Amino acid sequence: MSRLVLRRLVRFAVSLAVLVVAAFAMIHLIPGDPVRASLGPAAPVELIEARRAALGLDQPLPAQFAAYVAGLFSGDLGTSFLTGEPVAEVIATRLPNTVGLALIATAVALLAAVPLGMWAAVRTENGRNRGTEAAFGSVTGTAVAVPEFLYAIALVTVFAIGLGVLPPAGKEGAVSYVLPVLALAIGPTATIARIARVETLRALGTDYVRLARAKRLPAARLHLRHVLPNTLTATLTLGGLMLSALIAGSVLVEYVFAWPGLGMKIVESITQKDYPVAQGVILVYGAIVLLVNLLVDLALGVLDPTSSIKES
Amino acid sequence: MFRTPAAVAGAVLVAAMVVLAVIGPPIWGEAAEHIDAGAILQGSSAAHPLGTDNLGRDLLARVLVAGRYSLLLALAAALIGATAGIVLGALPSVLPARPARLVTGAVNALVAFPGLLLAMFTAVVAGLGARGAVLGIGAAIAPGFARLTQTLAASVAGADYVSAARMLGVPRRRILARHVLPNIAEPLILHLTQALGGALLGLAGMSFLGLGVQPPSFDWGRLLFDGFGRIYVTPEVALGPALAVALAGIGFNLLGDALARGAARTSAPRTKAVAPESADPGEPEPGAVLDVRDLTVTFPGGVTPVRGVSLSAAPGEIVGLVGESGSGKSLTAAAIGGLVPYPGVVGHARLRLDGRDVAGLSRKELGTSLAMVFQDPMASLNPALKVGGQLAEVAVVHQGATRAEARARAVDRLGHVHLPEPGRQARRHPHELSGGMRQRAVIAMGLMGTPRLIIADEPTTALDVTVQRQILRLLREVTEETGSAVLFISHDIAVVGELCDRVVVMYAGRVVEELPADRLTDGAHPYTRALIASLPDMDTDRSLPLASIPGRQPAPAEVGDGCAFAPRCPLATDACAAGRPPLVEHGPAHRVACWEVTCTSTA
Amino acid sequence: MHIDGLTVRFGAFTAVDSVTLEVPPGRIVGLVGESGSGKSSLAKAVCGLVPHTGRVTGASRVQMVFQDPYASLDPRMRVGESVAEALLRMPRQARAAEVERLLGLVSLPAEAAGRYPRELSGGQRQRVAIARALGAEPDLLVADEITSALDVSVQGAVLNLVRSLRDRLGLPILFISHNLAVVRYVCDEVAVMHRGRLVEHGPTEDVVGSPGQDYTRTLLEAVPRLRR
């Protein structure tokens with residue numbers, strides 16, 4: 001068990017290091033001079049030189065990297081080209097909005113999807129109720145295929161602009177969460193429901209379920225006690241991975257709802273060529289994703305008594 | 001492949017997209033670029049059903065024209081991603097161990113990373129615009145492909161046939177070309193369909209954020225970007241591109257699903273189930289614990305793997321049900337236990353347990369009087385639950401015991417099957433027990449109630465001989481102590497001959513012979529005799545060749561009217577092919593279904 | 001063939017612990033043991049499929065026949081193509097005749113060459129696997145549980161084939177099985193493995209008739225027997 005934790009922590013640390021290098025490299029990989037690109041062609045040479053010196057871009061690369069890493073350890077992610085604000089501050093004010101949205105959407109998706117998938121599996125076991133199977137397949141297949149920003153646009157058009165019952169944009173109170181959460185959760189709900197169905201079917205076909213049936217356990221006990229726990233490992237793994245995909249997908253949804261989160265900021269910073277901000281946000285996004293994956297892995301190690309064995 | 005409406009819809013949508021990409025620009029190209037200063041930023045009208053843009057250009061025409069560019073960009077991105085991914089995924093199988101591990105690690109790290117962020121990173125570095133977006137989406141698709149290639153190649157590389165080729169000295173390149181690639185090509189091509197849909201949506205997303213296609217070029221995502229800015233005034237202008245993106249995404253996804261399903265399963269034709277023949281129940285066997293008459297199991301299409309099996313077992317009797325794979329023995333056991341999976345239909349003239357009709361027994365009665373043991377002790381216990389809890393639930397559910405009482409009984413039962421330290425074992429998870437211990441625990445589970453019948457389906461097949469010996473001894477002990485009957489299913493005649501009191505031999509879904517176990521070597525049916533002769537045991541004469549039966553057992557669908565064994569039988573005559581011999585008395589406690597044997601003996 | 005001090009380790013686990021064993025020309029040596037005894041790891045090591053220490057001498061062209069006849073033939077290759085993979089050193093024109101000869105050696109008709117593995121029964125597939133192995137002109141054949149996936153009524157034919165290959169070709173065979181009755185019937189010598197070690201080795205009659213080790217005795221006593 002502790003070996004597993006250790007190995008996961010090492011993997012996390014290595015990935016994080018690679019991410020830091022990638023984020024640092026980003027500014028240097030941009031073709032041309034990022035400072036000139038951001039300040040525009042009309043900017044005087046003295047201003048560009050001064051800005052370059054302020055950013056340390058005139059130093060040799062190793063020194064720049066050392067300074068960058070040292071900055072990271074003291075919580076310094078650089079300053080915005082445009083506003084001069086510290087990037088760390090920009091991120092700190094926006095991060096909670098993004099994470100909150102993603103967490104709520106994941107919870108909604110899991111709560112809706114697991115019962116839905118299990119129900120579909122029990123109804124369609126061994127090929128019975130082909131109608132239900134076909135309907136479930138096409139509805140979830142369609143729901144998965146539509147990207148979250150289209151859900152967002154459709155929801156805004158119908159509920160905010162058409163019916164006027166919910167706010168179209170911004171973050172003001174609980175009601176403003178409804179549409180963004182829905183837009184984010186529909187796709188993952190369909191995906192997780194499909195996995196939950198497959199996993200439930202797999203569990204229903206095992207010998208231990210046959211044995212539980214031979215014991216004539218009531219259906220509720222059979223499904224909740226013998227089937228459900230054995231479907232959760234795969235379903236939660238996916239749910240965890242969904243959370244990281246969801247955080248990324250929120251970029252588009254935040255854009256549609258003008259949600260004051262990191263996603264909105266990353267789009268702004270890229271289009272405005274405010275590279276320090278883009279660099280910082282990508283770094284933070286990446287770190288969150290790595291962290292989520294680490295937590296999912298560790299949670300599974302605790303949940304599933306056999307996973308530590310599978311590992312070796 | 002295109003049987004379901006969803007699959008048809010997917011194929012139609014994708015075909016429509018392709019047609020649109022071909023004919024769109026030549027037909028509507030001019031209208032899409034026609035600037036009309038008098039009609040700028042209009043909403044829906046008869047002339048412009050989806051409205052116009054800031055230069056008065058018709059949006060419907062622009063949506064129809066943008067199809068080609070959107071699809072081409074998606075195709076480019078998908079191909080870039082697939083090529084990069086396949087190369088990256090194939091590298092570990094060509095590289096030395098250390099760099100191979102590095103590549104695998106990198107791919108694993110990248111797969112976990114959200115595609116859109118990867119795409120944005122690449123797009124920033126490669127420069128805003130269509131080129132950057134295509135490269136970015138390609139980069140986002142590549143890790144998934146790499147992982148898939150890796151998994152597939154690893155599974156094929158581990159296959160026995162690749163090991164065999166390697167031992168034959170087949171060169172590495174040829175193994176890759178002849179064995180690995182053909183066996184992984186199909187899933188990779190399939191994944192490309194799905195990747196194409198993903199690329200289309202990803203590019204639409206990038207353009208929608210303003211990070212993809214830049215004016216004056218336009219794809220659906222860019223049109224949506226323009227339309228979204230006006231959504232509060234004229235929401236219909238966003239409708240066209242949104243619908244186009246959604247339909248394309250749905251089309252590719254449904255088609256990909258259908259292709260995947262078509263590749264995965266070759267489903268049997270569906271026909272109506274044949275009603276099982278219901279015969280006269282006759283007089284119940286007095287004193288029998290298990291009394292089965294004319295049991296049939298039928299599957300749709302009239303396939304009948306179990307055809308009119310009659311069986312009985314007395315208290316304390318161990319009845320062996322023996323046959324080769326496909327004889328219907330396990331399905332017979334499942335039918336008696338009420339565990340035949342849908343869409344199988346069980347029919348019988350009589351099915352009685354402990355003197356009562358099974359149909360009239362409650363769950364509680366069945367759950368406590370019928371115990372089952374399966375072949376694989378690794379699979380028979382729920383891996384998520386502790387051993388003690390799995391035993392205890394019988395007492396909780398059926399006997400109204402409190403948790404503490406149930407637990408105490410579970411520990412007692414575990415001790416009863418000679419599990420050392422039963423209290424400790426009860427608190428463990430199944431994977432912490434050895435195979436033999438697990439099989440004991442399963443038997444103990446059956447002893448939680450008061451079993452009248454134990455159905456043991458190949459309970460020792462997965463175990464080593466020394467452990468098998470212990471489990472057989474335990475079964476015998478349990479039978480003598482509880483007075484329960486045992487139906488012991490096995491392919492191993494030696495095991496059956498050693499353990500059982502009586503043996504029932506099955507062939508192609510029917511009982512061909514029934515005799516006392518200690519007289520197995522005097523079997524009368526040619527099949528039984530041939531089975532015994534082909535079984536090497538510790539006394540077989542090593543100087544003679546071993547007998548074997550030519551041909552093979554017919555599949556359930558191939559069984560005809562006559563004796564199913566006739567084609568392989570040395571004694572067969574025309575009569576055997578014409579009519580099925582009934583199971584008739586042939587000496588004390590001995591019954592045989594063979595024209596040759598029974599006619600000769602009566603003549 | 002001579003195995004000298006062969007050891008196979010998987011991480012900290014020692015699957016085969018310095019085993020020394022000889023397979024003389026024209027003899028079938030049976031290797032028996034329970035699951036985890038190391039017999040399959042030993043077989044794989046002899047074939048060079050797993051890393052090991054120690055020496056294997058006198059067998060430069062080892063071929064192996066696997067347990068599962070459904071997994072050991074490429075499902076996308078015709079039987080003839082699979083067998084011909086052993087004949088890449090031969091000129092192309094000569095291969096068809098050689099495939100036919102090899103199939104004949106394992107009592108399969110020449111038409112079988114045009115079939116796909118899925119069209120054959122388990123016993124027939126196992127013959128194809130043996131024919132493919134023979135094509136490489138091995139100086140040792142390793143048979144790893146080759147009948148344990150087969151029904152008893154077709155097992156006899158495969159066992160007879162193994163014996164006839166020894167008689168006709170003088171081919172030394174290392175025959176691995178968990179089934180003592182099968183090993184007793186087929187093999188000239190028996191080697192017993194337990195927890196990675198070779199505990200007993202001798203002519204079949206001696207090992208089966210008067211075992212020298214308690215473990216061998218336990219194993220023999222556990223073999224189920226028909227009551228006669």
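How many residues of chain B are in contact with chain C? Select both chains: 42 residues of chain B are in contact with 41 residues of chain C. Contact here means C-beta atoms, placed from the backbone, within 7 Å.

Before going on, note that this is a predicted model, where local features need pLDDT of at least 70, side-chain atom pairs count only at pLDDT 80 or more, and totals for chains, interfaces and linings use all residues. Residues are numbered from 1 along each chain as its sequence is written, while chains are lettered from A and ligands numbered from 1 in the order in which they are written.

**Stay on chain B, facing chain C.** Pick α6 (160–167), which gives the most to this side, six residues. Helices are DSSP runs (H or I, at least four residues), strands likewise (E, at least two), numbered from the N terminus.

**Colour chain B by pLDDT**, the predictor's confidence in each residue, from 0 to 100. Its mean is 86, and 96% of the residues of chain B reach 70 or more. Find strand β3 (residues 318–322) of chain B, with the highest confidence at 96, then helix α21 (residues 595–602) of chain B, with the lowest at a mean of 72. Next select residues 266–276 of chain B, where pLDDT stays under 50.

**Move to chain A.** Here 60 residues of chain A are in contact with 58 residues of chain B. Select α10 (219–257) of chain A. α10(A) brings the largest share of this side, eleven residues.

Conventions. Two residues are in contact if their C-beta atoms, placed from the backbone, lie within 7 Å.
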